[in-house]
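Subject: Handover of a structure

Dear colleague,

Please find the structure below, followed by an account of what was found in it.

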Amino acid sequence: MNSNHYVLTISCPDKTGIVSRVSTFLAENNCLINEANHHADKELGMFFMRNEISKLNISEEEFQTEFSVIAEEFDMKWNLSACAIKKRVIIMVSKQDHCLYDLLYRWKSGEMDFEIPCVISNHLDLKSLVEWHGIPYVHIPVTPDNKPHAFSEVVNWVDHYQADTIVLARYMQIIPPDLCQKYPGQIINIHHSFLPSFIGAKPYHQAFDRGVKLIGATCHYVTEDLDAGPIIEQDVRRVSHSESADEMVMLGKDVEKNALARGLKFHLEDRVLLSGNKTIVFA
């Protein structure tokens, strides 16, 4: 990745002149725009923008100082992210390994460019797999009695590694509300159903009982409301009456892997902007 490659993301109340003002600022500073996206949410009266800058001809410090004037003028929430700095992703997993396998492959092959400082699990089943990849494996058992202490350990590891993102790759524990509040927009989950349908446990079995013709998976941000956070990406697969609930579980694994990988990729590339309980995804 070019060390002079950046992504500028902006969200602010919609009004005339935002695109012009931002584009003029970039042009005046001889910054090359490689990709530009924007969206106006008419219902909320909000405006969202993402610019990829392939050449930043002023220092980051100068950019921050000078662009702050525009940000204040338009009441912007904004961020300038250096693409050359790999984001640190802690993966959390329980016993099911398909999503973990997929992310490790994409990481090791270079298909997705990020760092994995460690994998955290409440079981020991996947320890050898993770350590074979040269990644530390942190075992934090979770029981009804030790849950507050266990998740305080999780926080310690996340803070120790200064992780940018936490991915729940079929981590089968409910994240406590205080963690959701501590890391808003930073915890990504893959839920094995097409939300908002079939929340909670055994969604494939719920789907089977309803005789659905499509099964799906949803990659979303984790909030205090179970399986109800802003949706980043979804995928589906057609099924019929001939598939059993167990067969749906097996078929759904590919859907889960694909939805999680795409959702995480969008997140890592700063293509996802939050708008209340919805997302703007500049895919």
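Just after α8 (245-268), Asp270 takes a positive phi of about 55 degrees; helices here are DSSP runs of H or I with at least four residues, strands are runs of E with at least two, and both are numbered from the N terminus. The model is a predicted one, in which local features need pLDDT of at least 70 and side-chain atom pairs count only at pLDDT 80 or more, while totals for chains, interfaces and linings use all residues. Residues are numbered from 1 along each chain as its sequence is written, and side-chain values use heavy atoms, with hydrogens and water left out.

Most residues other than glycine have a negative phi. Two further residues with a positive value may be noted here. Arg170, which is not a glycine, has a phi of about 65 degrees and is placed in the loop between β8 (165-168) and α6 (177-182). With a relative accessible area of 4%, Arg170 is buried; buried means under 20% relative accessible area, exposed over 50%, and partly exposed in between, with a 1.4 Å probe and protein chains only. Asp227 has a positive phi near 55 degrees and is found in the loop between β10 and β11 (231-238). Asp227 also counts as buried, at 13% relative accessibility.

To return to the helix α8, it bends by about 30 degrees at Gly252, where the bend is the angle between axes fitted to the seven residues ending there and the seven starting there. The 24 residues of α8 should span 34 Å, and this agrees with the 34 Å between its end C-alpha atoms; the expected span is 1.5 Å times one less than the number of residues.

The largest one has 32 residues, and Ile91, Leu100, Val119, Leu260 and Leu264 have the most contacts inside it. Among the elements that give two or more residues to this core are β5 (89-93), α3 (98-109) and β10 (214-221). The largest share, seven residues, comes from α8. Leaving aside residues up to four places away in sequence, Leu264 touches Leu103, Met112, Phe114, Thr165, Val167, Ile188 and Cys219, a contact being heavy atoms within 4.5 Å.

Which charged side chains meet in salt bridges? A salt bridge is a side-chain nitrogen of Lys or Arg within 4 Å of a carboxyl oxygen of Asp or Glu, and by this rule the count comes to 18. One of them joins Arg21 and Glu73 (3.4 Å, N to O). This pair links distant parts of the chain, 52 residues apart, with Arg21 in helix α1 (residues 18-28) and Glu73 in helix α2 (residues 60-74). Arg21 is partly exposed at 31% relative accessibility, and Glu73 is partly exposed at 43%.

Lys127 and Glu131 form another salt bridge (2.9 Å, N to O). Both lie in helix α4, four residues apart, about one turn of the helix.

Glu269 and Lys265 likewise meet in a salt bridge (2.7 Å, N to O). Glu269 and Lys265 are also linked with Glu35, Arg50, Glu52 and Arg271 in a network of salt bridges.

Yours sincerely

Terms used:
Core = buried A, V, L, I, M, F, W, Y, C linked by side-chain atoms within 4.5 Å.
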